[in-house]
Amino acid sequence: MAETIFSKIIRREIPADIVYEDESVLAFRDIAPRAPVHILVIPKAEIATTNDVSPEHETLVGHLVHVASLIAAREGIAEEGYRLVFNCNANGGQAVNHLHLHLLGGRKMSWPPG
Ligand code: 5GP
């Protein structure tokens, strides 16, 4: 896949407000937050979209969700609730083609999404 700005954030070539890192995952605050808490949890591996998730990625994708839940607890939004979103391609509203899980919270979310 073509490299994105998220690879540069992983390599610390551009700054980001990083809130979590381990050997396979990085999480940082969204530059244009849509909620009081808006954090992107991304794999360090370059996976473009959810269409590119294969069986070998199942543990990694589960880890993204687990890390998001840990961060939600740390941010103090776990009990009141939050939303986790993977956007995929044009109709899903995906702008950056590096798999990322949005963690959104700190306010009431509307449903259904627009
Ligand atoms: P998507 O629309 O692809 O699901 O979400 C991409 C997200 O990445 C957007 O919410 C956007 O604000 C965020 N974003 C894009 N470029 C940067 C950046 O350079 N730094 C950070 N922290 N977030 C970014």
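Author: Let us begin with the side chain of Tyr 20, which makes a polar contact (a pair of N or O atoms within 3.5 Å; within protein, one must be able to donate a hydrogen and the other to accept it, and residues adjacent in sequence count only if both atoms are side-chain atoms) with the side chain of Asp 22, at 2.6 Å. This is a predicted model, in which local features need pLDDT of at least 70 and side-chain atom pairs count only at pLDDT 80 or more, while totals for chains, interfaces and linings use all residues. Residues are numbered from 1 along each chain as its sequence is written, and side-chain values use heavy atoms, with hydrogens and water left out.

Reader: Is Tyr 20 buried or exposed?

Author: Buried means under 20% relative accessible area, exposed over 50%, and partly exposed in between (1.4 Å probe, protein chains only). Because its relative accessible area is 17%, Tyr 20 counts as buried.

Reader: How far apart in space are Tyr 20 and His 38?

Author: In sequence, Tyr 20 and His 38 are separated by 18 residues. From C-alpha to C-alpha, their distance in space is 13 Å.

Reader: Which residue has a polar backbone atom 2.6 Å from an oxygen atom of the ligand?

Author: The side chain of His 100 has an N or O atom 2.8 Å from a ligand oxygen, whereas a backbone N or O atom of Arg 29 lies 2.9 Å from a ligand nitrogen. The polar backbone atom at 2.6 Å from a ligand oxygen belongs to Ala 95.
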